[in-house]
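Biologist: I am new to this structure and would like to go through it step by step. Could we take one place at a time?

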Amino acid sequence: MGTPQQVPPVGWAGAMRPLLAFLLLELPFWSVEQQEPPKSIVMDQVPHILAHEGSTVTLPCSFFHTWTPVQPPQVTIIWRWQDFHGPVIFDSSRDKQGRYSLVGDPEKHTGSLQIRDLRKTDGTLYFCQIRVLTTEGMKMWQNTRGTLLTVMEPDFPRNFCVDQLPSISAPEGSTVTLPCRFFLTWRLVQPTQVTIIWKWRNFHGPVIFDSSQDKQGRRSLVGDPKKGNGSLQIRDLTKADETRYFCRIQALTTEGEKIVQNITGTWLTVKRRVTPTATSEPPGTEDNFSSPFWLFFTPVDLAASLLLCLFLKIGTCVALFLGLRRQESLPHANPPVIREVLPHTDLSLSLPVVPSHTKPSTLKLPPPEKPAPRPAQSPPS
């Protein structure tokens, strides 16, 4: 006859194992991959420069990039002429390169080239190329338009050049700079008296900035007129600023006052701020970096949400653990009475009901009934 066995109560450690496994599996580790912004490159050269034969001229070149340079920085400035793939006339990694020298500082994002003793044959296009050793390897880029150098003869008639970019775009509320470079062949009086004036809407439009006046609202001069720079800066852009701007130069020369102005101007486009809306672009064509998700959620928000979720999980585990400990501290109920069927007994025989206060060990079973004796059979005759 088998002895009934009772399953021992499960301890809190055994109950915690599946719960911990559930926690590890269900904990939402947000692996939102942060898209790095696309690498940007900005490279500026003056479109056109005039200079006299035999003089010294500087070809400006400024650049900016978002790669991380190695330390110490390794930046090489290369200048080509004639065309985009033309021969190299200057390489900053070499020494003593004739009439050419570097006057810019590559570590400060300038690579301007100076040419001495100008000759008539120097008049051509010049292209600035930058090579930077970054943490992602060697990066190289080059200006596509270049700078056209015009070399004038000593008896060349007096002339001028005022250069502006055809168009510029900027978002609403930001700050934008409208470049203006000029070159005058007249001899200026000393001290230099150059006035920068900006007009808008059309060539004869109203004056919105005059460098001879002070405090002109959101507009200010960021260029140096003595160096041929009359760039204008506009802060807190509004949609009403979207129009065409014209740079005008007034200079006092030995031949009197000279006034020159660019005829095409610069068209400024002010972009409105985009409100995040649902798009219907097919999967895989979205711009992850410009997604509206990043307008509302920053890495700090994601970290805070992860910590909050972790605390909720831990609180759930602690509550379940305390509940199990409380259940173990309660008195256990009496084990149930198990009925067994004895062999050679009537199947209809059932055990008496034992009161709940009676211990199972005091239960006495009635003796089995003896079978009735069989009658003796008489021997056959």
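Biologist: Is Thr175 buried, partly exposed or exposed?

Modeller: This is a predicted model, and in it the relative accessibility of Thr175 comes to 45%. Buried would require under 20% and exposed over 50%, so the value for Thr175 falls in between, and the residue counts as partly exposed.

Biologist: Where does Thr175 sit, and which residues does Thr175 touch when those up to four places away in sequence are not counted?

Modeller: Thr175 lies in the loop that links strand 13 (167-171) with strand 14 (176-178). Arg235 is 60 residues apart from Thr175 along the chain, yet their C-alpha atoms are separated by 4.3 Å. With residues up to four places away left out, the residues that Thr175 touches are Gln233, Ile234, Arg235 and Asp236.

Biologist: Which residue of strand 19 is the bridge partner of Leu221?

Modeller: Strand 18 and strand 19 (residues 232-234) run antiparallel and are joined by 3 bridges. The bridge partner of Leu221 in strand 19 is Leu232.

Biologist: What is the helix content of residues 302-324?

Modeller: An unreviewed UniProt entry annotates residues 302-324 as "transmembrane region". In the model, the end C-alpha atoms of this span lie 33 Å apart.

Technical notes
Residues are numbered from 1 along each chain as its sequence is written. This is a predicted model: local features need pLDDT of at least 70, side-chain atom pairs count only at pLDDT 80 or more; totals for chains, interfaces and linings use all residues. Side-chain values use heavy atoms; hydrogens and water are left out. Helices (H or I, at least four residues) and strands (E, at least two) are DSSP runs, numbered from the N terminus. Buried means under 20% relative accessible area, exposed over 50%, partly exposed in between (1.4 Å probe, protein chains only). Contact means heavy atoms within 4.5 Å. Two strands pair if DSSP finds at least two bridges between them. UniProt positions are given in the numbering used here, feature names are shortened, and annotations may be inferred rather than shown by experiment.
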